Amino acid sequence: MIQITEKSKPLSGETALTVGKFDGVHTGHQRLLDAVLAEKKNGYLACMVSFCAGQEDGRSVIYTKEEQRRLCGTFGIDVLAEYTLNEALRGLSAERFVKEILCEKLNVKVIVAGEDFRFGKGREGNVEFLRSLEKTYGYRTVCIPKVENEGVRISSTKIKEFLSAGNMEEANAFLGSPYFIYAEVVHGKHLGRTIGFPTINVLPSAEKLLPAYGVYATQTEIGGTWYSGITNVGVRPTVDSGDAVSVETHLLGYEGELYGTKLETRFLRFLRPEQKFESVEALKDAIQKDMKEVLKHSQRIERDIRGGQAWEYRC
């Protein structure tokens with residue numbers, strides 16, 4: 001997959017593309033990408049143009065740039081064009097955006113857009129505007145209706161609400177595949193080892209939106225194998241007096257050092273809220289119960305929501 005930015009040279013190959021923030025690359029976004037990918041049979045490069053907030057923006061995102069790139073690679077996208085949503089870009093008129101970026105920079109021949117797509121300074125551009133410029137700039141517009149799940153419009157905003165409530169089933173249904181964190185394993189305080197439950201600690205980027213504090217049934221990929229686990233997101237009130245947020249996973253059936261390795265952990269189900277226990281022994285008992293809950297499901301074959309690819313829980 002080719003990755004380009006606003007500083008890259010213009011593409012030589014002709015493209016079919018779609019434009020958006022693509023925060024969660026959810027099922028609504030995937031409908032757009034499906035239409036783009038369908039144009040590959042006509043000899044076009046499949047291109048996704050992603051607007052990324054600047055570091056000063058301070059917004060939380062469902063998926064970071066790196067995580068978004070991982071997803072795009074699985075979809076078969078040929079070109080990922082990442083543009084920083086700064087004042088210069090926001091100030092471009094709708095026609096200048098089409099002419100200077102989509103046509104001159106990305107050599108577009110097919111533009112796929114949602115029916116409510118708006119762009120350009122003052123949000124003046126829409127699907128009708130794109131169609132009005134087709135003859136001038138030599139491209140074709142494909143309009144995709146909005147996507148709903150049981151009458152609810154699929155959006156990144158709604159998914160963020162689900163995640164903030166710990167509602168993984170709904171979040172994953174809207175995303176089209178399990179929400180995940182892809183981050184490097186770092187050294188923690190090694191407290192898990194002292195109570196018999198060693199954990200891997202990962203450090204997500206500051207912009208990453210984490211699910212509600214609590215304990216989750218998860219899967220972590222190591223060397224091509226998915227291992228079941230329980231993941232705690234929160235501040236560990238029983239064993240720590242600080243307010244630093246950690247993401248710790250106890251893997252079932254895995255032993256080994258993983259420091260410095262980047263791992264993908266998928267969140268499948270919320271088990272219980274994070275809480276402060278009266279003693280470490282009470283905490284150990286709760287973890288044992290969490291493990292039993294995960295083990296109930298650990299021997300069956302699960303299917304990836306998005307692609308139908310099967311994997312087996314390992315424990």
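This is a predicted model: local features need pLDDT of at least 70, side-chain atom pairs count only at pLDDT 80 or more; totals for chains, interfaces and linings use all residues.
Local features need pLDDT of at least 70, side-chain atom pairs count only at pLDDT 80 or more, and totals for chains, interfaces and linings use all residues. Residues are numbered from 1 along each chain as its sequence is written, and side-chain values use heavy atoms, leaving out hydrogens and water.

**View A. The open sheet has six strands with parallel pairing.** The order is E1-E4-E3-E2-E5-E6. Strands (E, at least two residues) and helices (H or I, at least four residues) are DSSP runs, numbered from the N terminus; two strands pair if DSSP finds at least two bridges between them. Strand E1 (2–5) and strand E6 (140–144) are at the edges with a single partner strand each, so one side of each has no neighbour in the sheet. Neighbouring strands are turned by 25 degrees against each other on average, direction ignored.

**View B. Strands E5 and E6 run parallel.** Five bridges join E5 (residues 108–114) to E6. Val112 stands opposite Val142 in E6.

**View C. Helix H2 (residues 65–75) lies across E1, strand E3 (45–52) and strand E4 (79–84).** H2 runs at about 160 degrees to E4. Axes are lines fitted to C-alpha atoms, for helices over the stretch in contact (heavy atoms within 4.5 Å), and angles run from 0 to 180 degrees between N-to-C directions.

**View D. A closed barrel of six strands has antiparallel pairing.** The strands run E9-E10-E13-E12-E11-E14. The twist averages 45 degrees from one strand to the next.

**View E. Eight bridges join strand E11 (residues 214–222) to strand E14 (residues 262–273).** Glu221 has Glu264 in E14 as its bridge partner. Helix H8 (residues 168–175) packs on the sheet and touches E11 and E14; the direction of H8 makes about 135 degrees with that of E14.
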